[in-house]
Amino acid sequence: CWHVRESHAVTSTPQDFQKYIQASLGEWSCAKPSYTRMKTAWVSDRSVCCLASGRPVVVQVTGPSPTLPSDLGMLRFTTLEEAAEMVRKVVEDYPKQSRAARELAETQFSVTKLIPRLMKRLGS
């Protein structure tokens, strides 16, 4: 079951935030309009925390990306109908989506992967 929670009630400390993420089944969220207009494939830090905890995320598309999936671990949508379908996909095979979420965190968002890619882009 999905719930809307008041942020201050569940995340008053970093430990509370970690417990909240790890007790959740995943995340569903919409992006701010500026993120969708800029088309930078922006991903929130909360989404990355969910992925690292093996929690699938259903998030609004913030731009094309060659590395971000749209249907496994991170399910990206553009319409409300697509969002509902993505939530159904997560529920239908939660163990698979959960494993994919953790794998995505390890392959795309791990500091051991990000820093070398960033340094290469900076020419270092």
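Guide: A residue is called buried under 20% relative accessible area, exposed over 50% and partly exposed in between (1.4 Å probe, protein chains only). The model is predicted, so local features need pLDDT of at least 70 and side-chain atom pairs 80 or more, while totals for chains, interfaces and linings use all residues. Residues are numbered from 1 along each chain as its sequence is written, and side-chain values use heavy atoms, without hydrogens and water.

Helices (H or I, at least four residues) and strands (E, at least two) are DSSP runs, numbered from the N terminus.

What does Gln97 touch, if residues up to four places away in sequence are not counted? Its partners are Pro56, Asp71, Leu72, Gly73, Leu75, Lys89 and Val90, where a contact means heavy atoms within 4.5 Å.

Gly73, one of these partners of Gln97, deserves a view of its own. Gly73 sits in the loop that runs between strand S2 (57–60) and strand S3 (74–77). With a relative accessibility of 0%, Gly73 is classed as buried. Apart from neighbours within four places in sequence, Gly73 contacts Leu51, Pro56, Val57, Gln97, Ala100 and Ala101.

Side chains of opposite charge can pair when their charged atoms come close. In a salt bridge, a side-chain nitrogen of Lys or Arg is within 4 Å of a carboxyl oxygen of Asp or Glu. Arg102 makes such a bridge with Glu106, and the closest N and O atoms are 2.8 Å apart. Arg102 and Glu106 are separated by about one helical turn, because they stand four residues apart in helix H6. Arg102 is partly exposed at 38% relative accessible area, and Glu106 is also partly exposed, at 40%.

Arg102 also belongs to the place where helix H6 meets helix H4. From H4 come Val48, Leu51 and Ala52; from H6 come Ala101, Arg102, Leu104, Ala105 and Phe109. The two axes come within 7 Å and cross at roughly 120°. H4 is therefore oblique to H6. Axes are lines fitted to C-alpha atoms, for helices over the stretch in contact, with angles from 0 to 180 degrees between N-to-C directions. Angles under 35 degrees count as roughly parallel, over 145 as roughly antiparallel, 65 to 115 as roughly perpendicular and the rest as oblique.

Arg46 and Glu27 join their side chains in a salt bridge of 2.6 Å, N to O. Arg46 lies in helix H4 (residues 45–52) and Glu27 in strand S1 (residues 27–29), 19 residues apart, and the pair thus links distant parts of the chain. Arg46 is partly exposed, with 36% relative accessibility, whereas Glu27 is buried, with 5%.

The loop between helix H3 (33–38) and H4 holds Lys39, and Ala41 lies in the loop between H3 and H4 as well. Most residues other than glycine have a negative phi. Lys39, which is not a glycine, has a positive phi of about 55°, and Ala41, also not a glycine, has one of about 60°.

Finally, how many salt bridges does a search of the whole structure find? It finds three, including one between the side chains of Arg88 and Glu85, at 3.2 Å, N to O. Both residues belong to helix H5 (residues 80–92), three residues apart, which is about one turn of the helix. Arg88 is partly exposed at 42% relative accessibility, and Glu85 is partly exposed at 37%.
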